[in-house]
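The exercises below are meant to be worked with the sequence and the coordinates open side by side. Each task is followed by a solution that goes step by step.

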Amino acid sequence: IETRFQKEFEMKLNSIFILCDTLLYPLTPVQRKAIISNISFLEKFNPNIFTILITNRFIHDDDIVTMITEMIAHSKTMQIINIILYPLNEDNHILNKYGLDCKGYKVLFKIMKSVADNRYIKSLCLHSIKDYNIVLAPEIAQQIVYKLQSETLIAFHLGNFKISETFA
């Protein structure tokens, strides 16, 4: 596995991990935008590995969602992307029961569309921190299919999400 990994990926990859609730939201909106802009536009901050935890707070912040999805879609350095559904309560504890509402599905669709549009992404992990019995909407499943049909994708993981019979 390591030999295969070394053939497909450089061994020195820059990684950025974003948990909006504890890293970005204590900052002012201007500071949040500045950080994401630096990640997007300054070459020394461009990540090769990008991990984002999708929380309720993130889902309801249209500005951050737009900036993140644009960064994913247009990054020429991003090779590995990890998208993890990570719903938290007010005390920042993981919820035992959770379901995506229309807004949540819309955000997940935007993220998956930006991943499908980026030809440089070689590895995609879409995972939920717990099995909440969430069924992926057909539009999201279609974006996954587009990425799976891409010539550049070499690794894919889908965890703790349900898929429709059509998608299967």
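This is a predicted model: local features need pLDDT of at least 70, side-chain atom pairs count only at pLDDT 80 or more; totals for chains, interfaces and linings use all residues.

**Exercise 1. Describe how α5 and α6 pack, giving the angle, the handedness of the crossing and the residues of the contact.**

Solution. Two packed helices are described by the angle between their axes and the distance between the axes. For α5 and α6 the angle is about 20°, and the axes are 7 Å apart. Because angles under 35 degrees count as roughly parallel, α5 and α6 are roughly parallel to each other. The crossing of α5 and α6 is right-handed.

The next step is to list the residues on each side. Helix α5 contributes Asp62, Val65, Thr69, Ile72 and Ala73, while α6 contributes Lys103, Val107, Lys110, Ile111, Ser114, Val115 and Asp117. Sorted by class, the residues of this contact of α5 with α6 are six nonpolar, two polar and four charged.

**Exercise 2. Determine how the axes of α3 and α5 cross, and sort the residues of their contact by class.**

Solution. Helix α3 covers residues 29-41 and helix α5 covers residues 62-74; their axes come within 10 Å and cross at roughly 5°. That angle makes α3 roughly parallel to α5. On the α3 side the contact is made by Arg32, Lys33, Ile36, Ser37, Ile39 and Ser40, and on the α5 side by Asp63, Ile64, Met67, Ile68 and Met71. The class count for the contact of α3 with α5 is six nonpolar, two polar and three charged residues.

**Exercise 3. Carry out the corresponding analysis for α6 and α7, including the handedness of the crossing.**

Solution. The axes of α6 and α7 come within 9 Å and cross at roughly 15°, which makes α6 roughly parallel to α7. The crossing in which α6 passes α7 is left-handed. From α6, the contact draws on Tyr105, Leu108, Phe109, Met112, Lys113, Val115 and Ala116, and from α7 on Glu139, Ile140, Gln143, Ile144, Tyr146 and Lys147. By class, the contact of α6 with α7 has nine nonpolar, one polar and three charged residues.

**Exercise 4. Locate the one aromatic pair of the structure, and state its geometry and its place in the chain.**

Solution. The structure holds one aromatic pair, formed by Tyr98 and Tyr132, with 5.8 Å from centre to centre and 65° between the planes, an arrangement that is edge-to-face. The pair links distant parts of the chain, 34 residues apart: Tyr98 is in the loop between β3 (80-85) and α6 (102-117), and Tyr132 is in the loop between β4 (123-128) and α7 (138-148). As for accessibility, Tyr98 is buried, with a relative accessible area of 15%, and Tyr132, at 8% relative accessibility, also counts as buried.

**Exercise 5. Place Leu42 in the chain, and state its class of accessibility.**

Solution. Leu42 lies in the loop between α3 and β2 (49-54). Its relative accessibility is 37%, so Leu42 counts as partly exposed. The C-alpha atoms of Leu42 and Gln31, which are 11 residues apart along the chain, are separated by 16 Å.

Technical notes
Residues are numbered from 1 along each chain as its sequence is written. Side-chain values use heavy atoms; hydrogens and water are left out. Rings of Phe, Tyr and Trp (its six-membered ring) pair if their centres lie within 6.5 Å; planes under 30 degrees apart count as stacked, over 60 as edge-to-face and the rest as tilted. Helices (H or I, at least four residues) and strands (E, at least two) are DSSP runs, numbered from the N terminus. Buried means under 20% relative accessible area, exposed over 50%, partly exposed in between (1.4 Å probe, protein chains only). Axes are lines fitted to C-alpha atoms, for helices over the stretch in contact, and angles run from 0 to 180 degrees between N-to-C directions. Angles under 35 degrees count as roughly parallel, over 145 as roughly antiparallel, 65 to 115 as roughly perpendicular and the rest as oblique. Contact means heavy atoms within 4.5 Å. Ala, Val, Leu, Ile, Met, Phe, Trp, Tyr, Cys and Pro count as nonpolar, Asp, Glu, Lys and Arg as charged, and the others, Gly among them, as polar. A crossing is left-handed if the near helix is turned anticlockwise from the far one by less than a right angle, and right-handed if clockwise.
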